[in-house]
Amino acid sequence: MTTQRTAPSPGVTLKTETAVEMLGVHKWYGEFHVLRDINLKVQRGERIVICGPSGSGKSTMIRCINRLEEHQQGRIVVDGIELTNDLKRIDEIRRDVGMVFQHFNLFPHLTILENCTLAPIWVKKMPKKDAEEVAMKYLKRVKIPEQANKYPGQLSGGQQQRVAIARSLCMNPKIMLFDEPTSALDPEMVKEVLDTMVGLAEEGMTMLCVTHEMGFARQVADRVIFMDYGQIVEMNTPDEFFRNPQHERTKLFLSQILH
Amino acid sequence: MNAATETLHFVRNEQVEAAPPPRLVRGPLAWMRENLFSSIPNALLTLATIYLLYVIVPPVLRFFILDAVWVGVDRDACRAETVGRPVGACWAFVADKINYFIYGSYPIPERWRVDVFFVLLAIGVAWMLWLNAPRRGLGAIYFFVVLPILSVLLLAGFKPLSLPPVQTSLWGGVLVTIVVSAVGIVFSLPFGVLLALGRRSKLPIVRLFSVVFIEFVRGVPLITVLFMANTMLPLFLSEGVTIDRLMRPLVGVALFASAYMAEVVRGGLQAMPKGQYEGAMALGLSYPRMMYFIILPQALRIVIPGIVNTFIGLFKDTTLVAIVGIFDLIRTIEASRVDPNWATPTTSLTGYAFAAVFYFLCCWGMSRYSLGVERRLAAGQKR
Ligand SMILES: Nc1ncnc2c1ncn2[C@@H]1O[C@H](COP(=O)(O)OP(=O)(O)OP(=O)(O)O)[C@@H](O)[C@H]1O
Ligand SMILES: [Mg+2]
């Protein structure tokens, strides 16, 4: 198991070694304090799995990273760019950060291929032909090139989620965020999506993944984070995390999801 | 083993062959029994309907077709006294006045220009409505940019092309009805979309403006809007600048339709799941691109029935421009039916029937078209 990345060589700027840095991040929904003092530093190439009970703020935390949610206190630096209200920077960050959602969020009125080429063409200004080539490359990778001209509604859930992953990859992101990518899927489709994600992890993609698939966490994660009540309660290597949880709440949570 | 265990354990080792579905009972008699006389209340309803049709259809047929007069040059052709038989609709009157109904008082030697306009418009409409047409992007430019400019030059006049100017006060009939509706339809959709987006904007000023505009325009009758456009628009302009008499109700109708369209479009926007916005944003699409490529195509599709409904309402509401002195189709019929040359008991009724047929065909066409589009879109992307 990988426990620690090789130490960054001296002289490399911060931009190349840290993918995501969150410093004292707080967020409120009205009166409700949903994120409380989140501190997290993710190295390039690191795979982080985030788990925790429902409502603990996992989604909110990773959605802050690409500004789908706005944080109100603290700093978030993604890929060397600090998130502020500056729309230019937000666009820049979103270009480099891919996101996969629980409910896929494919565009139902566009074909699979169009889903994959829209952003490269209009955000990256890629020529249409090149964008289609790239899209086909990634559709092959997620093993559904033959569905390219169908509409999302004609695919199974597992296939749709793989398209969603391919769609993100077409933007050639440096960081991938996953928000419970398998929890809306029937059990027999979970594996095909997890396999795709494992493949990504093996290629060295920086990944932050909210999931309760503990097998996946054991297999690929460098660190597992446990959140509760908007805080990071415990963070450890998967080995230590599962064998020897420190915090009472972690123990309780693990006893509930690992039978 | 014994019989009991045999029923408890079962393993199929032969495939059941596919069989055709049971034959349905067919034929007109079976259909009637199933649909018209399936129960006593249903049978009573059927009989009542047949009786009503018997009461209504024959007289209508007799009046509008069998007893109708089709040719003639003046009132004598349509009077029972002179014809010597009961007379129904006087279609000869419509035939005699048809040019007035279509062109109004547009000068006769220049009427070919109106015909060319109708042809250009038909090409544009067909190009836009035919979903598989080639180069639809070009078609949109033609429809929204080239056609309006060409139409103005053609209808109002353009000296360099030796098209003498024609005062809009001479325009009338179907021409005006079409021009007013086309302007309303062409402007209401884009403005409606902008207003709907404005109403959901995060910027308070934009939102306030949209809400005030929509609520104000929706809150007053179209007639009021038309009167206000007629009397107030000139006040906004500096002294000396006069605004065309036809232009004023055009502005009024366009504003009025936009407010209604905005609410229809907003309904579609509201129906869009949040995930679609998030999916688009996470890919780095900017707000205009997200709206143009992802949100609006889906939202507008959802509200096609509402959009067409608004168009149909607008098309019929254009008759109200007559109030501010514009000679639309209804107004030309009104003016003709009192022509002493054609004074017969059935002249007015025939004129109105003609208008009804015209409006019905147009609205029904729109309705059928929208049904077709809906069905096609539903087949295109099964959710
Ligand atoms: N837009 C919102 N407005 C108000 N409260 C919200 C909003 N979104 C989320 N919350 C609340 O914030 C808390 C954290 O939500 P979040 O979606 O981050 O939880 P989660 O850990 O992802 O849970 P789950 O496992 O159910 O997805 C929840 O209590 C939720 O009710
Ligand atoms: Mg969540």
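This note goes through aromatic contacts, charges over rings and salt bridges in a predicted model.

1. Conventions. Because the model is predicted, local features need pLDDT of at least 70 and side-chain atom pairs count only at pLDDT 80 or more, whereas totals for chains, interfaces and linings use all residues. Residues are numbered from 1 along each chain as its sequence is written, chains are lettered from A and ligands numbered from 1 in the order in which they are written, and side-chain values use heavy atoms, with hydrogens and water left out.

2. Aromatic pairs. Over all chains, a search of the whole structure finds 21 aromatic pairs (rings of Phe, Tyr and Trp, the last by its six-membered ring, with centres within 6.5 Å; planes under 30 degrees apart count as stacked, over 60 as edge-to-face and the rest as tilted). B:Phe256 and B:Tyr260 make a tilted pair, at 5.1 Å centre to centre and 50 degrees between the planes. Both residues lie in helix H11 of chain B (residues 247-271), four residues apart, about one turn of the helix; helices are DSSP runs of H or I with at least four residues, strands are runs of E with at least two, and both are numbered from the N terminus. B:Phe256 is buried at 9% relative accessibility, while B:Tyr260 is partly exposed at 35% (buried means under 20% relative accessible area, exposed over 50%, partly exposed in between, with a 1.4 Å probe and protein chains only).

3. Aromatic cluster. In chain B, one aromatic cluster is formed by B:Phe63, B:Phe64, B:Trp70 and B:Trp91.

4. Charges over rings. A:Arg167 lies over the face of A:Phe107, at 4.5 Å from the ring centre, and B:Arg331 lies over that of B:Phe327, at 4.6 Å (the criterion being NZ of Lys or CZ of Arg within 6 Å of the ring centre and within 35 degrees of the ring normal).

5. A salt bridge in chain A. The search of the whole structure finds 27 salt bridges over all chains (a side-chain nitrogen of Lys or Arg within 4 Å of a carboxyl oxygen of Asp or Glu). In one of them A:Asp222 is joined to A:Arg47, with the closest N and O atoms 3.7 Å apart. This pair links distant parts of the chain, 175 residues apart, with A:Asp222 in the loop between helix H8 and strand S9 and A:Arg47 in strand S3. A:Asp222 is buried at 2% relative accessibility, and A:Arg47 is buried at 12%.

6. A network in chain B. B:Arg199, B:Glu215, B:Arg218, B:Glu263 and B:Arg266 are linked in a network of salt bridges.
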